Amino acid sequence: MGFLLGLLCVVLIGLIVIQIGRVSELATQIRGARESQLATNQFHSVFGMVFMAVFMLASVVSAIYYAPSSLYHGPVVSASEHGSAIDFLFDTTLFFTGIIFVLCHILLFYFAWRYRERENTKAIFWAHNNKLEMIWMGIPAVVMTFLVIQGIYTWNNTMTDVPANWVLGKDYIEIEGTGQQFAWILRHPGVDNQLGSRDFRKIDNANNPLGLDWTDKRNHDDFMPDVMYLPVNMPVRVRITSKDVLHNFYLPQHRVKMDAVPGMPTYFIFKPTITTDEMRQKLSKEKEWQEPYKGDPEKKRWEMFDYELACAELCGKGHYSMRRVIKIVTMEEYLKWLGEQKTYYNPENALSAQ
């Protein structure tokens, strides 16, 4: 029913546009081409100014209205150590581009109105103006230089690998996220804190979806959890791969976003700073998070909050289903969870695969 109503609206709008065109043609014949052209210019210029005012007002109102629920200015603050630098870069870029948007938006429609064709007017040929050209080249150049330098500084501080003197399992942990249509396969090392090697020729979707090399004993204690637990205030190095098409490893609340490219392993390092429980306590004080949760009306929205892993690359028709829950917990809770996990290694399957 909704589709039919929408189709009907489109047809009616098309008919209205056609009728307006016919009326315009008739008016031209009656009043003459010159008079009609001047009237058309007047109408378009005034309509442009009205559109400018309405669109600008709508942009400001929508920005204010949606700000409390946005990723960068909502109650769900950045939950990683590097997140504040990403947020600062975003706000700085938004500040300068916002000024440019407002000025260009106003001038674009103002000039169309101010310099519309009118009776007894003649256009002025103005080849160039050195002063104006220096201004509109110089100011953007300075702003872009500032943004690029700030971006490079943030990138260099964010996209560093672990220092050579760090000890795996003590100074940081390493996990793996592999994208496939349409799910994330998460792998966590066992007690040896090391992820074993893989071989794509050993992939068996039923028994060995990642192609783990069972001759590598580091694989024998690795496990693949449905929900990934990570300790707070512990750096995490994420290996990111893909089995089929482009995916994107996206942790929005932790400001982590990295492509998963087939045949080209990538990585990302981040340090969680706020546990899931701490974030829920923060959200419990927010009015909009006091509403009942749609999936479970007996609970509030803040009680159902979880950090999530999503795919930020349009990878196919099942793209929407690529979601995993990430739990950030204390070190004690993490070690307890670690001790409860079962290895993916199966001696019988491993023997048959050789």
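What covers the buried residues of helix 5? Keep that question for the third stop.

**Before you start**

This is a predicted model, in which local features need pLDDT of at least 70 and side-chain atom pairs count only at pLDDT 80 or more, while totals for chains, interfaces and linings use all residues. Residues are numbered from 1 along each chain as its sequence is written, and side-chain values use heavy atoms, with hydrogens and water left out.

**Stop 1: the whole protein**

Show everything as a cartoon. The protein has 7 helices and 11 strands; these are DSSP runs numbered from the N terminus, with helices being H or I of at least four residues and strands being E of at least two. The radius of gyration is 29 Å, well over the 20 Å that the globule rule gives for 354 residues, so the protein is more spread out than a compact globule. That radius is taken over C-alpha atoms, and the rule is 2.2 Å times the number of residues to the power 0.38. Along the principal axes, the C-alpha atoms fill a box of roughly 90 × 55 × 45 Å.

Of the 354 residues, 32% count as buried. Buried means under 20% relative accessible area, exposed means over 50%, and partly exposed is in between (1.4 Å probe, protein chains only).

**Stop 2**

Select Ala39, in helix 2 (residues 33-66). Its relative accessibility is 29%, so Ala39 counts as partly exposed.

**Stop 3: helix 5**

Select residues 276-283, which form helix 5, and pick out its buried residues: Thr276, Met279, Arg280 and Leu283. They cover an arc of only 100 degrees around the axis, which puts them on the same side of helix 5. The arc is that of the directions from the helix axis to the C-beta atoms. The cover over these buried residues includes strand 10 (307-311) and strand 11 (324-329).

**Stop 4: the cysteines**

Select Cys311. Its relative accessibility is 7%, so Cys311 is buried. A disulfide is a pair of cysteine sulfur atoms within 2.5 Å, and the structure holds 0 disulfides. Then select Cys104, which at 48% relative accessibility counts as partly exposed.

**Stop 5: Ser242**

Move to strand 4 (residues 236-242) and select Ser242. Is Ser242 buried or exposed? At 10% relative accessibility, Ser242 counts as buried. Its side chain reaches the backbone oxygen of Val245 at 2.5 Å, and a polar atom of that side chain lies 3.4 Å from the backbone nitrogen of Asp244. Contact means heavy atoms within 4.5 Å. Leaving aside neighbours within four places in sequence, the contacts of Ser242 include Thr178, Gly179 and His247.

**Stop 6: Thr266**

Finish at Thr266, in strand 7 (residues 266-270). Thr266 has a relative accessibility of 15% and so counts as buried. A polar atom of its side chain lies 2.8 Å from the backbone oxygen of Asp259. Not counting residues up to four places away in sequence, Thr266 touches Val238, Arg239, Ile240, Met258 and Asp259.

Technical notes. A polar contact is a pair of N or O atoms within 3.5 Å; within protein, one must be able to donate a hydrogen and the other to accept it, and residues adjacent in sequence count only if both atoms are side-chain atoms.
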